[in-house]
Amino acid sequence: MNKLNIMIRQLTLIGILTITFLSCTSVSKVKNNSTTITEVIGVKPELVREPYLQKVREESAIITWKTNGIVTNCYVSYSENGTEDKTIVKGYLTAHEGFMFNEVSILGLKPNTTYNYSIYSNGHVLATGKDYYFKTAPSNKNQAFSFYALGDIGAKEKSSFAKEPANRITELAIKPDFGLGLGDIVYPKGESKNYDNHLFKPFKEVFKNIPFYPVAGNHDWLSINHDENFKKEWNLPNKEYYYSFTYANTLFIGLDSRDGNFYDYEHQTIWLEKTLKENKDTYDWIVVYLHHNGKSCTYKNDYEHVKGLYDVFAKNSVDLVLNGHAHTYERLKPYDAFGNVDASETNQTNYKNLENRFISVTIGAGGKINKKWKPDANNSENCDDGTIVAHSEHVPSFGLITIEKKTLTFKGINSYTGETFDEFVINK
Ligand SMILES: [Fe+2]
């Protein structure tokens, strides 16, 4: 590379950093300022990725969209549903692999309120209309809510059926409040260049209204920039590898099981125990989600590091553990800190008082299914203990969970037909 090229590269980098810095420092709110809304600052950029919601809390929300690189300014205009009182919030820009993440962090929102939003880059509106809205989290812990969960979504376009669960989720009579991604977000290696075609395009109608909280799986760790890609694509709590958030009366904990041996296992498990101990008496329900399974009768092996956490889950009031990895659906019976199933429990659809026990579900047929394998809970060579399976169903599927006060209802839903093929309730 000659000196001129090096100079051009350095100047380009300085330019990008300056734009990012300037945009980051210019966050402001302007009420009723329609002249700012229509002010066009530069060339209209291409909207490469529709807006997606992250960390929508009681009083805040993050809206992100991706454009091509010729952007110097971004902002969101939003209004409470049913009003015309618009507020503008400027955002910040981050360059990644030739594209620009436009991201706006909105503060000062009302809990449990629906807002409409429009997105702007260089002063040009890139998305607006009745389809663009979000709802903030409730401050009332007794409010009922629901969320969807599925793993292994982002397969290559030709082999992927990811659009099916996305369509069923958008058709639900009651829109879920958020979604959990159970790892292997994008195949084959979690590359940023595949995020749009493999994940964001099939899920764009879901992500524009419903915030998504993914954890990384083994495939997401395979690219050269593995964790860097994951952290650029998402804006998650904590340092994004493992994190917690709360919604109404429930604590959610996302873990990074990496290749099955966990990212930074020692620190992550110390953090997990601390988070559980600090919160278990404050929340009615605790849901843990990660990519790898512990015990399993699928074609995947048992993962010892996950099984090693059973005593942590059981002793700290965890109710539900959700994972992906095996491209199928498998719900296990409640088991204790040692993985023992209570044989006296005859009703596997309506549980009362699961104290010191939890239910583990594999929901890993989000975008692809293992066509070479047939489930056989009693006879699989991978199943050491055939009595642990409550329900298995080898179909494209996702989980839909509703929590209302002391009742948790779980549904396994067929991604093509929308039919519920498995359902159980836990009461406290
Ligand atoms: Fe996996």
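The largest nonpolar core comprises 110 residues. Within this core, the residues with the most contacts are Val76, Ala149, Val288, Tyr289 and Leu322. Both domain 1 (3–135) and domain 2 (145–427) supply the core with at least three residues each. The model is a predicted one.

Alanine 149 was examined for its contacts. Residues up to four places away in sequence were not counted.

Strand β3 spans residues 61–68. Of its 8 residues, 7 are buried, so strand β3 is largely enclosed by the rest of the structure. Strand β3 pairs with β2 (residues 47–54) through 5 bridges, and the two run antiparallel. In this pairing, leucine 53 stands opposite isoleucine 63 of β3. β2 and β3 form a hairpin with 6 residues between the strands. Lysine 55 in this hairpin takes a positive phi near 45°.

Strand β3 is also joined to strand β7 (residues 99–106). Here 8 bridges link the strands, again in an antiparallel arrangement. Lysine 66 stands opposite phenylalanine 101 of β7.

Asparagine 261 lies in a loop. This loop runs between β15 (250–254) and α7 (265–279). Asparagine 218 is 43 residues away from asparagine 261 in sequence. The C-alpha atoms of these two asparagines are 9.8 Å apart.

Definitions and conventions. Residues are numbered from 1 along each chain as its sequence is written. This is a predicted model: local features need pLDDT of at least 70, side-chain atom pairs count only at pLDDT 80 or more; totals for chains, interfaces and linings use all residues. Helices (H or I, at least four residues) and strands (E, at least two) are DSSP runs, numbered from the N terminus. A nonpolar core is a set of buried Ala, Val, Leu, Ile, Met, Phe, Trp, Tyr and Cys residues joined through C-beta atoms within 7 Å. A residue is buried if 20 or more other C-beta atoms lie within 10 Å of its own, exposed if 12 or fewer, and partly exposed in between; C-beta atoms are placed from the backbone. Domain bounds come from an automatic or database domain assignment. Two residues are in contact if their C-beta atoms, placed from the backbone, lie within 7 Å. Two strands pair if DSSP finds at least two bridges between them.
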